[in-house]
Amino acid sequence: MKYLKTAFPKTLPVLAGYMVLGMGFGILLRVNGYGILWALAMSIFIYAGSMQFVGISLITGGASLVSIAVTTLMVNARHLFYGISMVDRYRGAGHKKPYLMHALTDETYSLVCTGDVPEGLQPHRYYLTISALNHTYWVMGSVLGSLVGGLLTFNTAGIDFAMTALFVTVFVEQWLTTKEHRPALIGVEASVLCLLFFGADHFLIPAMILITAALTMKRKVLEQRDSFEQAAASQQQDTLTLDTKDISMFDNKEDCV
Amino acid sequence: MTTIISNQSFWAIVIMSAMTLLLRVLPFLVFGHRKTPAYISFLGKYLPYAIMGMLVVYCLKGITFTAAPFGLPELIAVALVVVLHVWKRNTLFSIICGTVCYMILLQTMTH
């Protein structure tokens, strides 16, 4: 109970996000002819938001199992890196570890990666509580969406744009939080190129290969810029007390670019 | 027919679950006892940006510019999401407004 009381407030933003997104997923799945059991199974066992949305179009589009496997690996590749950064923190979690690993979504990661466990709480149990709460929200959202989806009487054509909108917002969010836009541009350019070249049904895998290759070729430049920025950032530490005039000037400049 | 669809979908979900779990467990198995290679860290840092760009393109792959409505609903709705998100930075707000806008445009332009 102590764990629930401490963890619950921390998960409130995720509660809001997962309920709405989960509902969107449930509705979309339902509109495509897959009912509550499918929603439950996907949300419990896959439990990866964007992948589940992509999964709907893979399933309904009749993609082959091989391309489903490869797409899952590429879309969820970022989870490798969540895992890598949690290796130390989840060490010694014992029987809690399998579930902690399974439940490590983007949102859960964002809550546990800071590692600030409230005083007097056992870290792994605290992480487990956070993970289980988030998972519950996601499952509840998708089940609710599945139920609501069956009752929708208005024209739902176009509701699948929710997935596009989700990815666009993440893309914009990432764009705004970094000055290094080349990886994002590489992603778009390589994908458009492969889309034109291989067609809508077969471009995903070539695009992923091209993206990895292009990033690898740019590694030196990206890492140089990275270390340069880090050096600049640490130099700026002293002069970080920018006044608001400076910031608004800076914003304008960014807008022009 | 339904059983064939369900069968295929069942295995699709099994595969998606297994691959996702694999990705989540692998780091703990491989790097549990040693340092992360620099190349992997590099990919971990920059791949997410590129993959998100790819997913946006993936969502828009069905647009046809040569026939009505010429991809207009998509382009307008995406532009709206971008503008709203730059302005408010509120994910749910951007998604809901963008989706409603797209549904209205699609349903009025194609009927």
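**View 1. Helices α2 and α8 of chain A cross in this predicted model.** The axes of α2 (residues 36-46) and α8 (residues 123-151) come within 9 Å and cross at roughly 160°. Axes are lines fitted to C-alpha atoms, for helices over the stretch in contact, and angles run from 0 to 180 degrees between N-to-C directions. α2(A) and α8(A) are therefore roughly antiparallel to each other (an angle over 145 degrees). Their crossing is right-handed; that is, the near helix is turned clockwise from the far one by less than a right angle. Helices here are DSSP runs of H or I with at least four residues, strands are E runs of at least two, and both are numbered from the N terminus. Residues are numbered from 1 along each chain as its sequence is written, chains are lettered from A in the order in which they are written. Local features need pLDDT of at least 70, side-chain atom pairs count only at pLDDT 80 or more, and totals for chains, interfaces and linings use all residues.

**View 2. Residues that join α2(A) to α8(A).** From α2(A) come A:I36, A:A39, A:L40, A:S43 and A:I44. α8(A) supplies A:W138, A:V139, A:S142, A:V143, A:S146 and A:L147. Contact means C-beta atoms, placed from the backbone, within 7 Å. By class, this contact has eight nonpolar, three polar and no charged residues. Nonpolar covers Ala, Val, Leu, Ile, Met, Phe, Trp, Tyr, Cys and Pro; charged covers Asp, Glu, Lys and Arg; the others, Gly among them, are polar.

**View 3. The helices of chain A.** Chain A has 13 helices and zero strands. Among its contacts between residues at least 6 apart in sequence, 76% join residues at least 24 apart. Of its 257 residues, 38% are buried, with 20 or more other C-beta atoms within 10 Å of their own.

**View 4. The four helices of chain B.** Chain B runs α-α-α-α from the N terminus. Its radius of gyration, taken over C-alpha atoms, is 20 Å, well over the 13 Å that the globule rule gives for 111 residues, so chain B is more spread out than a compact globule. That rule is 2.2 Å times the number of residues to the power 0.38. The C-alpha atoms fill a box of roughly 60 × 45 × 30 Å along the principal axes.

**View 5. Chain B against chain A.** Here 55 residues of chain B are in contact with 67 residues of chain A. On chain B, α1 (2-30), α2 (38-59), α3 (72-88) and α4 (91-109) each supply at least two residues of the touching side. α2(B) gives the most, with 17 residues. By class, this side of chain B has 39 nonpolar, 14 polar and two charged residues.

Notes
Contact = placed C-beta atoms within 7 Å. Buried ≥ 20, exposed ≤ 12 C-beta atoms within 10 Å, placed from the backbone. Parallel < 35°, antiparallel > 145°, perpendicular 65-115°, else oblique.
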